Amino acid sequence: MDGKLAPGLSRKLKKVLECRTDSPDVLSSLNTLSSFYAENTPQSRRNLRSSIEKRGLSINVDFLEASRAAQQALDRVEDEVNALANCCDKIAKALNSCSATTGDIITTTERLKQELNVTTQRQQIVSCFLRDYQLSNQEINALREDELSESFFKALSHVQEIHANCKLLLRTHHQRAGLELMDMMAVYQEGAYERLCRWVQAECRQLGDSDNPQVSDLLRTAVRCLKERPVLFKYCAEEVANMRHNALFRRFISALTRGGPGGVPRPIEVHAHDPLRYVGDMLGWLHQALASERELVLALLDPDSIADSPTTNQMSKSQESNSQKIESDITFVLDRIFEGVCRPFKLRVEQVLQSQSSLIISYKLSNTLEFYSYTISDLLGSETALSNTLWTLKDAAQKTFFDILKIRGERLLRYPPLVAVDLSPPPAVREGVSVLLELVETYNSMMLQKKPPFDQVISALLDPIIQICEQAAEAHKSKGAGHSSRRNRMSSDLGKFSKSSVDALLSSSSTPSPQSSETSSKIFLINCLCAIQQPLLGHEVAAEYVKSLGAMIDRHIHGLVANEVDAILKRCGLSNKMSHFRDSANKESGNTPLVEIEDTSPAALSESLKAFFGLVLGSDSSLPEFEQMQVPKLRAEACIQVAKALAEIYDLTYEAIMDPKNGYSDPKSLARHPPDQIRTILGI
């Protein structure tokens, strides 16, 4: 058995062993085999192959039987396809025969189609040319015959477009056609503008018949078109100015004499007795009329400025020049409109100024006229008739005001007041200050950005008052000088009585002498200047004048103090000795000792110093206290200055007495009180 298997059997056995029994195909075949392999017998295994083949044959027979109907349908389809192919062949033959006969027709059709395209292009070119270079019959009728409407302006705009297109046409080789078309459009354009100008003038005449005219959109469009023709536009502007000129004149006279409809508002001349209201109502009416007329003229001559608001801050030069031209036209028209009301307005204001005698009212009229002069000049222009009239009236009102001030000052200077017993300011001072305060209040209430200077008003009002106070003080001083000379003669007669010089000095120092006329005059002036200065403190507009018043008051106080100190020195007998004391203080070499000079001898000096100490140390107030000076602060300041001057004089006297070179044997018996003690007694 160790012999080898046959090669064929070996291959079969190997193939059987290598065959996979778990593959899907093998499993499916076995399942199918099990459906008809009933018995596993040797005979069956030997006939397995034939059984399988029979089984396959029966399946194929069944398939053929089942697909017989489909086979027959496919045969019928094949027959029909063959018949259809035969028909197509016949049609192809027929088409081939027809193409030979219709070739000429196709060629002709292609040629006609190309010609149609060329003709269509030419038609489009002609349509564009007619649109860009010709007017339609409807547009020609709108320009010449129909009533003015939006179609007229559309046709005119089309004419302008054609005219512009002709300029482009002149740049080509069609110059002759361009010139002919341009001439034709120029005829249409000029005729249309002339017709438009006549229509605008007629509409402007209707505007003059109404107090509150309304500018229609059609009229605005017409004026906008007329701007292309400056001459025609100027004619229309003049027509507007003339019509509104007459209408405004009628309205102004009606407002003055008749008032509004039904008497409301009342006529302006009803308030002619009240100058401020009368002039203010006329100015208010003119300002309101200017605003409404400017709005009307702006809507008519420059409608684009109302419809279009500027969106950029920068403008081209052409836009700026155009804006300036329009503004000049508007100014010209408004100037012409308001030219008619200047004369009646000026006459009425001049009548008010001529009959005016009140200082306050004339100043308020001047301020009112100045305010409206600036306001109307900003709206109307500074070189217009109404603005010039207002500035002239303002100057006239200002002249009236200063004339009244001048007359008032001359009247005060002609009749200066008398100095009161208590040296109080005269009534003219209080009255003048009261008027000035009212003028200052009026000045502060002015609504001008740059107010006029007020110093001239203050000077014109207060300078005459100060002058009459000075005249009154001078007259009082002259009158007092006469009385003092008589008293001096009487005192010389009384001096014959036997009395020692020291007793005379002490008696004169113990009984205070009546106040000198010069002192009274200076106190009177100080009281007057203070009465003027005090109410003006705190008013910025009068700050410079208040400062000058303060300097005048200080000067008078210094003079008053100097006079009082000199009077005290004369009463004490020290007046003629002060020059010697000053020379001694200069310590010049070669000076004679004071003890050897008669005026400064110990006996004379002792009497004078006793009188001086009697004045300073007296129980009754021998020093001046200026009771009649009405400002306590100045009164105290004057007293302090007198005390300081006396203390300085005593310092000089004390140093001269104590100086050994002056030769006083017992200086302390002469100058019993040191300077510090005198200063303490004087309260400084």
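Which residues does Ile532 touch, not counting residues up to four places away in sequence? Select Ile532 and look around: you will find Val429, Val433, Leu462, Ile465, Ile466 and Leu549, where contact means heavy atoms within 4.5 Å.

Before moving on, a word about what is on your screen. This is a predicted model, in which local features need pLDDT of at least 70 and side-chain atom pairs count only at pLDDT 80 or more, while totals for chains, interfaces and linings use all residues. Residues are numbered from 1 along each chain as its sequence is written, and side-chain values use heavy atoms, with hydrogens and water left out.

**Stop 1: the cores**

Together with Ile532, they have the most contacts inside the largest nonpolar core, which has 86 residues. A nonpolar core is a set of buried Ala, Val, Leu, Ile, Met, Phe, Trp, Tyr and Cys residues joined through side-chain atoms within 4.5 Å. Buried means under 20% relative accessible area, exposed over 50%, and partly exposed in between (1.4 Å probe, protein chains only).

**Stop 2: helix α26**

Now select residues 675–682, which form helix α26. Helices here are DSSP runs (H or I, at least four residues), numbered from the N terminus. Pro675, Ile678 and Leu682 are buried. Look down the axis of α26: these buried residues fall within an arc of 60 degrees, so they line one face of the helix. That arc is taken from the directions from the helix axis to the C-beta atoms. On the other side, Asp676 and Thr680 are exposed. Show α23 (602–617) and α24 (632–658) as well, and you will see what the buried residues of α26 pack against. Just after α26, Gly683 takes a positive phi of about 80 degrees.

**Stop 3: Thr653**

Stay with helix α24 and pick Thr653. Is Thr653 buried or exposed? Thr653 counts as buried because its relative accessibility is 2%. Thr653 touches Met578, Phe581 and Leu609, not counting residues up to four places away in sequence.

**Stop 4: the cavity**

Finally, select Val200, Cys204, Val223, Phe233, Cys236, Ala237, Val240, Leu300 and Leu301, which line the largest cavity. The elements giving two or more residues to this lining are α8 (175–208), α10 (230–257) and α11 (275–301). Helix α10 gives the largest share, 4 residues.

Technical notes: 1 Å grid on protein atoms, 1.4 Å probe; cavity = no way out; pocket = protein on both sides within 12 Å on 5 of 7 lines; lining within 4 Å.
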